[in-house]
Amino acid sequence: MGNTAIDLSGYITQQSKNLWGQLNSIYDISVEYHNVNEYSVFTQNKTAIIYIPKTAEPCPDSFGHELLHILVRSTETYIGASLSRIVKESNTLSAILSTNLLNHISNCLEHIKMLPLYLNMGFDISRFIVDYNTPKLTISEVSYLKSTMIKKSLLRKISYVPMAVDLYIGKYFAVKACPNSTINYEPLIKELKSIDEELWEILESFWESWLTYDIFKIREAIDFDYHEMVYDFTDRLEDWQAKREIAY
């Protein structure tokens, strides 16, 4: 059962036993303790390492969460990596999309595909993410973005602040991927959208395309795949950016 000396009996249950076996037929999976109080996973090629908190009680829900990250990556749908590669090769896009933001987007994109599978396995939704009860967008954050993202000079020249654009995009994806349906984001979403409706629509189009994209479908070489989705997204972002002054 995987390349590990750690007793996994408290982590693998009937809910995740089959998935664990399935993934071990594809990946060389090891499980290691770390000193961070949350679970995480690293994958490269056909190697995967699941990191678990050393001092916490075993949480099969969190362990199952990391297995689902591996499952998504087993489909070879590397949408986060594809987006990061294009952004890092673009001087314009890398000015408004930081490495941390790209990692965040990738995580959100994987989470939205994982959540239905996680719930079907009977896991506790409140344990899907560590900050489940924390609102992903607040009134103060919207106010900050309204006052910071777009600068107007005395000559009425308008420019966009890269760090604020980065935050705006991050908040969009955080809200969209939030699993806690008891948090009402609607009033704040309207305010966020009003800051820049064109940017909002670009993000929305990309997100909606991803929602309808079946990562488990076997595609022919000529079929539409996630690369085209990423190219369309980054092209539209570059067009958006070209029409605006960026305050470097």
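**One residue and its surroundings**

Reply: Leaving aside residues up to four places away in sequence, Ala 164 touches Leu 145, Thr 148 and Met 149, where contact means heavy atoms within 4.5 Å. The structure is a predicted model, in which local features need pLDDT of at least 70 and side-chain atom pairs count only at pLDDT 80 or more, while totals for chains, interfaces and linings use all residues. Residues are numbered from 1 along each chain as its sequence is written, and side-chain values use heavy atoms, with hydrogens and water left out.

Ala 164 lies in helix H6, which covers residues 162-177. Helices (H or I, at least four residues) and strands (E, at least two) are DSSP runs, numbered from the N terminus. Is Ala 164 buried or exposed? With a relative accessibility of 1%, Ala 164 counts as buried; this word means under 20% relative accessible area, while exposed means over 50% and partly exposed in between (1.4 Å probe, protein chains only). Phe 63 is 101 residues from Ala 164 along the chain, and their C-alpha atoms are separated by 34 Å.

Attention now turns to a sheet elsewhere in the chain. Three strands form an open sheet with mixed pairing, in the order E1-E3-E2; strands pair if DSSP finds at least two bridges between them. Strands E1 (28-34) and E2 (40-44) are the edges, each pairing on one side only. From one strand to the next, the twist averages 20 degrees. A hairpin is formed by E2 and E3 with two residues between them, and Asn 45 in the turn has a positive phi of about 55 degrees. E2 and E3 (residues 47-53) run antiparallel and are joined by five bridges. Phe 42 has Ile 49 in E3 as its bridge partner, and Ser 40 has Tyr 51 in E3. Helix H2 packs on this sheet, touching E1, E2 and E3, and its direction makes about 25 degrees with that of E2.

Arg 73 belongs to H2, residues 60-74. Its relative accessibility is 17%, so Arg 73 counts as buried. Leaving aside residues up to four places away in sequence, Arg 73 touches Tyr 27, Val 41, Thr 43, Tyr 78 and Glu 110. The C-alpha atoms of Arg 73 and Lys 46 are 9.9 Å apart, although 27 residues separate the two along the chain.

H8 (residues 197-212) and H9 (residues 226-242) pack at an angle of about 180 degrees, with their axes 10 Å apart. H8 is therefore roughly antiparallel to H9. Axes are lines fitted to C-alpha atoms, for helices over the stretch in contact, and angles run from 0 to 180 degrees between N-to-C directions. Angles under 35 degrees count as roughly parallel, over 145 as roughly antiparallel, 65 to 115 as roughly perpendicular and the rest as oblique. Residues in this contact include Leu 203 and Phe 206 in H8, and Phe 233 and Leu 237 in H9.

Finally, how many disulfides does a search of the whole structure find? It finds zero, a disulfide being a pair of cysteine sulfur atoms within 2.5 Å. For Cys 59, the nearest cysteine sulfur is that of Cys 178, 18 Å away. Cys 59 counts as buried because its relative accessibility is 12%. For Cys 108, the nearest cysteine sulfur also belongs to Cys 178, at 9.7 Å. Cys 108 is buried, its relative accessible area being 6%.
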